[in-house]
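I opened a new page for this chain and meant to go through it piece by piece. The notes below follow the order in which I looked things up.

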Amino acid sequence: MELRIRNLSKTYANGVVALDKVTLNIPPGMFGLLGPNGAGKSTLMRILATLQECDAGSVFLDDIDVLDEKDEVRRMLGYLPQDFGVYPRVTAYELLDHFAQLKGIANRNRRREVVDGLLQQTNLFEVRHQKLGTFSGGMRQRFGVAQALIGDPQLIIVDEPTAGLDPQERVRFHNLLSDIGADKTVLLSTHIVSDVADLCANMAIINKGHVLLCGEPARLIEGIEENIWARFVDKADLPLFQKQHTVISTRLRAGRTLIHVYAEGDPGMGFEEAHASLEDVYFATIAGRHNFQAGNC
Ligand SMILES: Nc1ncnc2c1ncn2[C@@H]1O[C@H](COP(=O)(O)OP(=O)(O)OP(=O)(O)O)[C@@H](O)[C@H]1O
């Protein structure tokens with residue numbers, strides 16, 4: 001299913017503009033919504049998940065009016081919120097069974113089939129009788145996906161799912177999401193660029209309630225290919241470089257400081273053209289230097 005968001009706006013009572021005329025097309029497959037903390041991602045996710053009202057705009061899931069036909073949307077939707085909490089003293093099986101009841105799967109045998117299937121899909125079948133309080137962060141997130149998948153939803157929304165996971169757990173979680181994304185519409189909100197680089201066929205960058213950029217990651221990288229320059233600098237000289245150039249990232253490489261700058265042409269001073277990455281696209285966009293648009297948002 002395709003999600004079409006048009007001019008969606010939301011201002012909180014305290015005057016914070018969380019979303020300002022957000023327009024996006026989200027086709028089937030994995031779509032990454034990337035932005036720093038406070039960008040408006042969770043607000044957007046909650047509105048799409050029918051948990052929060054917007055002030056203006058429209059959202060359609062194929063021909064379902066998301067803002068109006070909430071019950072209809074809820075039947076199609078699986079949602080893993082950012083602050084997904086579990087009852088620590090209940091087992092994975094028990095809680096999933098409970099959620100399945102709430103989702104209206106009344107028949108016991110059918111429910112068992114669904115719950116067992118989801119536990120297997122999320123690799124939790126072996127630990128299904130363990131209490132959720134004993135689960136690692138990665139296991140809890142996979143459990144969160146299992147509950148989001150009850151009822152075979154066509155649209156799945158996951159909000160910041162890999163924060164706090166160790167590298168192995170992240171890989172497992174990514175594999176699970178990419179399996180799901182093969183035949184559903186999956187909207188993944190994150191501030192971790194590599195999550196999007198690894199998983200998403202399409203993406204958008206959002207900051208301060210505005211969509212700054214959208215398109216296919218590979219094409220967005222192509223669009224910035226000639227504008228990213230790199231060099232090592234002494235840490236003490238960093239403020240000087242920041243004054244003279246658009247420094248979009250600073251990182252340590254084996255104890256030395258490597259900077260990437262955005263420039264239309266060769267900035268001289270020993271810079272070399274760098275192999276651009278999605279991280280460069282992201283930081284250049286957030287820094288306001290880059291607004292190449294590949295495709296329609
Ligand atoms: N209930 C609320 N009342 C007032 N302001 C809010 C409320 N919820 C969010 N905000 C503000 O709206 C802006 C967008 O917040 P939102 O949580 O949607 O961003 P985010 O991109 O999901 O960030 P994070 O990853 O930190 O959750 C922020 O400035 C935030 O402080």
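**Entry 1: a strand pair towards the end of the chain.** I began with strand β11 (residues 228-233) and strand β13 (residues 256-262), which pair in the antiparallel sense over 6 bridges. Across this pair I found A230 opposite H260 in β13. I noted that the model is a predicted one.

**Entry 2: the other partner of β13.** I then followed β13 to strand β12 (residues 246-253); 7 bridges join the two, and they run antiparallel. I looked up two of the facing residues. V247 has V261 in β13 as its bridge partner, and R253 stands opposite R256 in β13. The hairpin of β12 and β13 has 2 residues between the strands, and there A254 takes a positive phi near 50 degrees.

**Entry 3: the sheet these strands belong to.** I wrote down the order as β12-β13-β11-β14, an open sheet of 4 strands with antiparallel pairing. Which strands stand at the edges? They are β12 and β14 (272-273); each has a single partner strand, so one side of each is left without a neighbour in the sheet. I also checked what packs on this sheet: α10 does, touching β11, β12 and β13, and its direction makes about 135 degrees with that of β12.

**Entry 4: the whole chain.** I stepped back to count elements and found 10 helices and 14 strands in the protein chain. Its C-alpha trace spans about 70 × 45 × 35 Å along the principal axes. For 297 residues, a compact globule would have a radius of gyration near 19 Å, and the 21 Å of the protein chain agrees with that. Of the 297 residues, 40% count as buried. I took contacts between residues at least 6 apart in sequence, and 69% of them join residues at least 24 apart.

**Entry 5: two domains.** The chain is divided into domain 1 (3-215) and domain 2 (221-286). Their centres, taken over C-alpha atoms, are separated by 34 Å. How many residues of each domain are in contact with the other? I got 9 residues of domain 1 and 5 residues of domain 2. On the side of domain 1 that touches domain 2, α7 (193-199), β9 and β10 each supply at least two residues. The largest share of that side, 3 residues, comes from α7.

**Entry 6: the six-stranded sheet.** Next I looked up the other open sheet, which has 6 strands in the order β6-β7-β8-β3-β9-β10 and mixed pairing. β6 (77-80) and β10 (210-215) stand at the edges with a single partner strand each, so one side of each is left without a neighbour in the sheet. The twist averages 15 degrees from one strand to the next. Within this sheet I checked strand β7 (residues 155-159) and strand β8 (residues 185-190); they run parallel and are joined by 5 bridges. D159 stands opposite S189 in β8. Helix α1 (residues 41-48) packs on the sheet, touching β3 (29-34), β7, β8 and β9 (202-207), and its direction makes about 150 degrees with that of β7.

**Entry 7: the nonpolar core.** I looked for the largest nonpolar core and found 83 residues in it. F31, I157, L188 and A204 have the most contacts inside the core. Its largest share, 6 residues, comes from helix α10 (residues 278-286). Both domain 1 (3-215) and domain 2 (221-286) give residues to this core, so it lies between them. As background, I noted that nonpolar side chains tend to be buried together in soluble globular proteins.

**Entry 8: F31 and M203.** I listed the contacts of F31, leaving aside its neighbours within four places in sequence: I26, V186, L187, L188, C200, N202 and M203. M203 lies in strand β9, and I looked it up next. Is M203 buried or exposed? M203 is buried, with 25 other C-beta atoms within 10 Å.

Conventions. Residues numbered from 1 in each chain as written. Predicted model: local features only at pLDDT ≥ 70, side-chain atom pairs only at ≥ 80, totals over all residues. Pairing = 2+ DSSP bridges. Axes fitted to C-alpha atoms, helices over the stretch in contact; angles between N-to-C directions. Contact = placed C-beta atoms within 7 Å. Core = buried A, V, L, I, M, F, W, Y, C linked by C-beta atoms within 7 Å. Buried ≥ 20, exposed ≤ 12 C-beta atoms within 10 Å, placed from the backbone. Domains from an automatic or database assignment. Rg over C-alpha atoms; globule rule 2.2 N^0.38 Å.
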